[in-house]
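Subject: Structure handover

Hello,

Here is the structure I said I would pass on. My notes on it come after it.

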Amino acid sequence: MKKSLLSLLGPGLLFAGAAIGVSHLVQSTRAGADFGFGLLWALLIVHIFKYPFFQFGPRYATATGETLLDGYKKLGKGVLITYFILNFATMFTIQAAVTIVTASLASNLFGLTHDLVIWSVIIMFISIVLLGIGKYKLLDNLMKYIIAILTVSTVIAVCIALFKTEKGFSYQQIIPSGTAQVTFLIAFLGWMPAPLDISIWHSLWSVEKDKTTFEKIKPKQAIFDFNIGYIGALSLGVCFVMLGALVMYQSGESFSSKGTIFASQLINLYTKNLGEFSAVFIGIAAFTTMFSTTITTLDASPRAMEKSSSLLFSKKMKLGYWFWLVLLTLGTYIILHYFLTDMIFLVRIATVLSFLTAPFYAILNYILITGKHTPEKYRPKLGLRILSFTGIVFLIGFSIWFLLSL
């Protein structure tokens, strides 16, 4: 059966759905508002240097029929144990960060209550119900429409902002200095376009996609699907930096750390350019984008923990998907209950942790895809190997720079 282009797209758009969230709506917009166009270099270079390690997820999965977690175990049980500990240590903060932004947008859009903990509980409950009903197929189908809505609305907003602005902007690139600026830069890089452990999620989705199709997806097809999602994430990242720069840079206004106020400021970025009539439409687009990120991460982390625990422990001790889903939900609620007052601080913790753990995933993915566990014909060529090595140096170097600047 001949596949259509649309049917081949799936894990790549799930990657985009997970990526286009806090990193774009929050971090990229703040980068533009605080630095103008000065951090475009950081946006572009992090996409270049992270690219190989994200791509290795679907490449390995389609070449071997296994997830990256299966590969990590082949590299040594200690490697998988390290991943298990790291993922357990970070998944609650990551989920809390994306859920609180979603809750802020829901409160701004729907009203009802300004209690963001209540909104977070509602959003997670709805997500759990949808995951129970639709599972992978729901995510696969939903993402195609969500990404299209956000892309169209964002590009229109940026185009109008370009035509309406009367400001003069410098395109000189900026190297942040001082602890606060360096911390923001590392946080910006940490989730741009996404944390590197999403490569593991991508491999899980690729294996799951294979189960729902009539034909085995080939590595070239999987990489094509990934490239579409990756280019989309990069393009929208540039758009959000431009939007923040065109509307808020040198305006005297800065983003609030309070969730509900931040959500209002974010929606105003669009309505200032598209008009007040667009507030509801843009609010829905932003909310659905963050909701997609919330439900995607809520699915992916338990899926990864289930897989890794099944590889590490005996069948009698196997901890299933629903165990991890409930545990993640409870842990997220506890974090939000105690750290709700400063949304930006919560996001910063999650993003910095993601950046500091990025070298671990980069090195493992490179070793796995270039080693004996990957069929030789599917291993990366010299150019991608050089880019991978350079990317590892970049990630380690920036991590050391950040730690020394504290």
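The notes below cover salt bridges, cavities and a surface patch.

This is a predicted model, in which local features need pLDDT of at least 70 and side-chain atom pairs count only at pLDDT 80 or more, while totals for chains, interfaces and linings use all residues. Residues are numbered from 1 along each chain as its sequence is written, and side-chain values use heavy atoms, with hydrogens and water left out.

Salt bridges

The whole structure has 4 salt bridges (a side-chain nitrogen of Lys or Arg within 4 Å of a carboxyl oxygen of Asp or Glu). One of them joins arginine 303 and aspartate 299, with 2.9 Å from N to O. These two residues sit 4 residues apart in helix 12, so about one helical turn separates them (helices are DSSP runs of H or I with at least four residues, numbered from the N terminus). Arginine 303 and aspartate 299 are both buried (buried is under 20% relative accessible area, exposed over 50%, partly exposed in between, with a 1.4 Å probe and protein chains only).

Another salt bridge links aspartate 34 to arginine 30, with the closest N and O atoms 3.8 Å apart. This pair is also 4 residues apart, in helix 3, which puts about one helical turn between aspartate 34 and arginine 30. Arginine 30 is buried, at 13% relative accessible area, whereas aspartate 34 is partly exposed at 36%.

Lysine 74 and glutamate 66 also form a salt bridge, at 2.9 Å from N to O. Lysine 74 is partly exposed at 41% relative accessibility, and glutamate 66 is partly exposed at 22%.

Cavities

There are 4 cavities of 30 Å³ or more (a cavity is a set of points on a 1 Å grid over the protein atoms alone where a 1.4 Å probe fits but cannot get out; lining residues have an atom within 4 Å of a point). The largest cavity holds about 100 Å³ of space. Its lining has 15 residues, and Ala18, Val98, Trp191, Pro195 and Thr293 lie nearest its centre. Elements giving two or more residues to this lining include helix 6 (77–110) and helix 12 (279–312).

Surface patch

Ile118, Ile122, Phe125, Ile126, Val129 and Ile133 make a nonpolar surface patch of about 550 Å² (patch residues have over 30% relative accessible area and no salt bridge, and nonpolar side chains, Val, Leu, Ile, Met, Phe, Trp or Tyr, are joined within 5 Å). Isoleucine 118 belongs to helix 7 (residues 116–164) and is partly exposed, at 41% relative accessibility.

Regards

How values were computed:
Patches are made of residues with over 30% relative accessible area and no salt bridge: like charges are joined within 9 Å, nonpolar side chains (Val, Leu, Ile, Met, Phe, Trp, Tyr) within 5 Å. Accessible areas come from the Shrake-Rupley method with a 1.4 Å probe; for residues, only the protein chains shown count as cover. On a 1 Å grid over the protein atoms alone, a cavity is a set of points where a 1.4 Å probe fits but cannot get out, and a pocket is an open set with protein on both sides within 12 Å along at least five of seven lines; lining residues have an atom within 4 Å of a point. Grid points are joined across faces, edges and corners, and a volume is the space filled by probe spheres set on the points.
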